[in-house]
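Open the structure in your viewer and switch to a cartoon view. We'll take it a few pieces at a time.

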Amino acid sequence: MSTSGERRFNALVVEDSPPMRKMIVFALSRVRELDVVEADDGVDALRRIAGTKFDIIITDINMPILDGLKLVKRLRADDNYKDVPIVIITTEGAAEDRQRALALGANAYITKPIQAQQVILLVREILSLD
C-alpha cells in the first residue's frame, strides 16, 4: 500500500504519571500508522474525546478525579465509543481488578511494569496492523 493511501489511526493515552505516559507514547510512536494524543487523567480524556474520534484508548486505572474504570464505563455508554478498543495498563494485578475492567468493557489488561514491545504488539493486533 502506498504511503499516501495508508490508513491512519488515532490513539488516546490516558495516564497521570508523566514518565509512564512518555514511555507508552514513545512505544506507540513506533507504530507508524498511529497518531497519539495524551491526556493526564480521565477528565482530560473526556475533554479530548469531545473533539476527536479515537480508534483506540489506552488508560491507567489509578488516576485522580475520574479513574480508568469510570472512564471505561463512561466510554461504553457513549454511542461513539461503545465499540472502540480500550486497553488498560495498570499496577493493579489482582484477578478481581482484571475481571472488573474486562466486565466493564475493556478489551485488554496489561499489568505494569510493561515492555514497550508488549504494548506495540498488542496495539498492532487490536487494530489489525500486521
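In which hand does α3 pass α4, left or right? Keep in mind as you look that this is a predicted model. Select residues 68–76 for helix α3 and residues 95–104 for helix α4. α3 passes α4 in a left-handed crossing. The two helices pack at an angle of about 20 degrees, and their axes lie 9 Å apart. Angles under 35 degrees count as roughly parallel, so α3 is roughly parallel to α4.

On the α3 side, pick Leu-69, Val-72, Lys-73 and Arg-76; they meet Arg-100, Ala-101 and Leu-104 of α4. Sorted by class, this contact of α3 with α4 has four nonpolar and three charged residues, with no polar ones.

**Over to the sheet**

Next, hide the side chains and show the strands. There are five of them in an open sheet, and reading across you get β2-β1-β3-β4-β5, with parallel pairing. Look at the edges: β2 (34–39) and β5 each have a single partner strand, so one side of each is left without a neighbour in the sheet. From one strand to the next, the twist averages 20 degrees.

Zoom in on β1, residues 9–14, which runs parallel to β2 and is joined to it by six bridges. Click Leu-12 and you'll find Val-37 of β2 standing opposite. Bring α3 back into view here: α3 packs on the sheet, where it touches β1, β3 (56–59) and β4, and its direction makes about 175 degrees with that of β4. α4 packs on the sheet as well, touching β4 and β5, with its direction at about 150 degrees to that of β5.

Slide along to β4 (residues 86–90) and β5 (residues 108–111), which pair in the parallel sense over four bridges. Select Ile-89 this time; its bridge partner in β5 is Ile-110.

**Another pair of helices: α1 and α5**

Select residues 18–28 for helix α1 and residues 116–126 for helix α5. How far apart are their axes, and at what angle do they pack? The axes are 9 Å apart and the angle is about 55 degrees. α1 and α5 are therefore oblique to each other. Their crossing is right-handed.

Show side chains once more. From α1, the contact uses Met-23, Ala-27 and Leu-28, while α5 brings Ala-116, Val-119, Ile-120 and Val-123. Colour by class and you'll see seven nonpolar residues where α1 meets α5, with no polar and no charged ones.

**Last stop: α2 and α3**

Finish with helix α2, residues 42–51, which packs against α3 at an angle of about 25 degrees, the axes being 10 Å apart. That makes α2 roughly parallel to α3. Turn the view to check the crossing of α2 and α3, which is right-handed.

Which residues of α2 meet α3? Select Gly-42, Ala-45, Leu-46 and Ile-49 in α2; across from them in the contact are Leu-71, Arg-74 and Leu-75 of α3. By class, the contact of α2 with α3 has five nonpolar residues, one polar and one charged.

Notes
Residues are numbered from 1 along each chain as its sequence is written. This is a predicted model: local features need pLDDT of at least 70, side-chain atom pairs count only at pLDDT 80 or more; totals for chains, interfaces and linings use all residues. Side-chain values use heavy atoms; hydrogens and water are left out. Axes are lines fitted to C-alpha atoms, for helices over the stretch in contact, and angles run from 0 to 180 degrees between N-to-C directions. Angles under 35 degrees count as roughly parallel, over 145 as roughly antiparallel, 65 to 115 as roughly perpendicular and the rest as oblique. A crossing is left-handed if the near helix is turned anticlockwise from the far one by less than a right angle, and right-handed if clockwise. Contact means heavy atoms within 4.5 Å. Ala, Val, Leu, Ile, Met, Phe, Trp, Tyr, Cys and Pro count as nonpolar, Asp, Glu, Lys and Arg as charged, and the others, Gly among them, as polar. Two strands pair if DSSP finds at least two bridges between them.
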